[in-house]
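Please look over the model shown below. A short report on selected local features follows.

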Amino acid sequence: NQYQYKLEPYDTNWVKAGSHHTTRYTNLDPGEYVFQVIASNSDGVWNEKGASINLIINKPWWQTYLAYLVYIFIGLSLLYSLRKYEIGRQKLKYNLQLGNLETEKLKEVDQIKSRFFANISHEFRTPLTLIFGPAKDINENAKDEKTKMSAGVIQRNAGKLYGLVNQLLDLSKLEAGKMKLETNSENIITLLKGVVLSFITLSETKKITLTFDSSVEELIVYIDRNKFEKIINNLLINAFKFTPEGGEIKVTIDKKEAYTEIHISDTGIGIPEERLEQIFDRFYQADASQTREFEGTGIGLSLTKELVELHKGKISVESAEGKGTSFYVSLPLGSDH
């Protein structure tokens, strides 16, 4: 027997198979097909009607309508995510630019403010100097005790104002990078003891116990003597401001491995814990009502921190409200720094 077959619409003509009983199709596209077979007997007579079977090849899952919907959903999600990412990136870029602009503006305002303080401080110094002379003459030559007392008040307050003016000028120099250290090797024990002793009269007047203690007799440190004295003076003045009558102020110095540590503690009103990090900020006052009462300005501690860091040192503070405050000044030993 001979065979012929055709797969419509894949085959356009009948395919002769001879006496073979099988055939194979691969990689057919999804769709509907009709497979037909005709045969002949040994005499060569063909059965034209033959036999047929309908075939349906389904689409694979990745080509179904549901799959296309998933593809569309994923594509839209990706586009949305990319758009959202780009908007976020642009927003972050804008915020950074805005932050940089605000920083530049604040820096510019701070520089203007510093220049203003520097200029006005210079203007203040001349009239203050002119006040000292007449006040001193009045104090020395006046026979009336009341007049002498008034002249003394003028001298003292002019001196305080003159000191504040100098502090403002020092801050301006530090900010402009024009303040330089003039260091020498100093016996810091002798120097520190001398500064502390200069406050004895004040401690007796305010009835505050002032003590000094050192673990060593001599300790050579490379420092700028004038600026070091300003550091200690500011810390002691701060301690006296906030220590009530009958209180105690201690100054101790110890030698550590690579640095010396100066510890100034008092039994004053203390500083709230949440405000400790801000006390070295310029013009900041831990408590406005109390610092006004004790004539606080918010300049001294800021200047002190700047001067300590100029010496490549560190300053820190510990305090408990109602119990007192401790300042720690660490200065490196040797001369490498």
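How many residues lie between β8 and β9 in the hairpin they form? Three residues separate the two strands there. The model is a predicted one.

## Strand pairing around β8

Strand β8 covers residues 248–255. Strand β9 covers residues 259–266. The two run antiparallel and are joined by seven bridges.

Thr209 stands opposite Glu248 of β8. In general, side chains in a regular strand alternate between the two faces of the sheet.

## Tyr71 in helix α1

Helix α1 spans residues 65–141, and Tyr71 lies within this helix.

The side chain of Tyr71 reaches back to Trp62 and meets its backbone oxygen at 2.9 Å. Pro9 is a separate reference point. Tyr71 and Pro9 are 62 residues apart in sequence. Their C-alpha atoms are 31 Å apart in space.

## Helix α7 and the residue after it

Helix α7 runs over residues 300–310. Which of its residues are buried? They include Gly300, Leu301, Ser302, Leu303 and Thr304. Leu307 and Val308 are buried too.

Lys312 follows α7. The phi angle of Lys312 is positive, near 65°.

Technical notes. Residues numbered from 1 in each chain as written. Predicted model: local features only at pLDDT ≥ 70, side-chain atom pairs only at ≥ 80, totals over all residues. Heavy atoms only, no water. Helix = DSSP H or I, 4+ residues; strand = E, 2+ residues; numbered from the N terminus. Polar contact = N/O pair within 3.5 Å; in protein donor to acceptor, adjacent residues only side chain to side chain. Pairing = 2+ DSSP bridges. Buried < 20%, exposed > 50% of the residue type's maximum accessible area, 1.4 Å probe, protein only.
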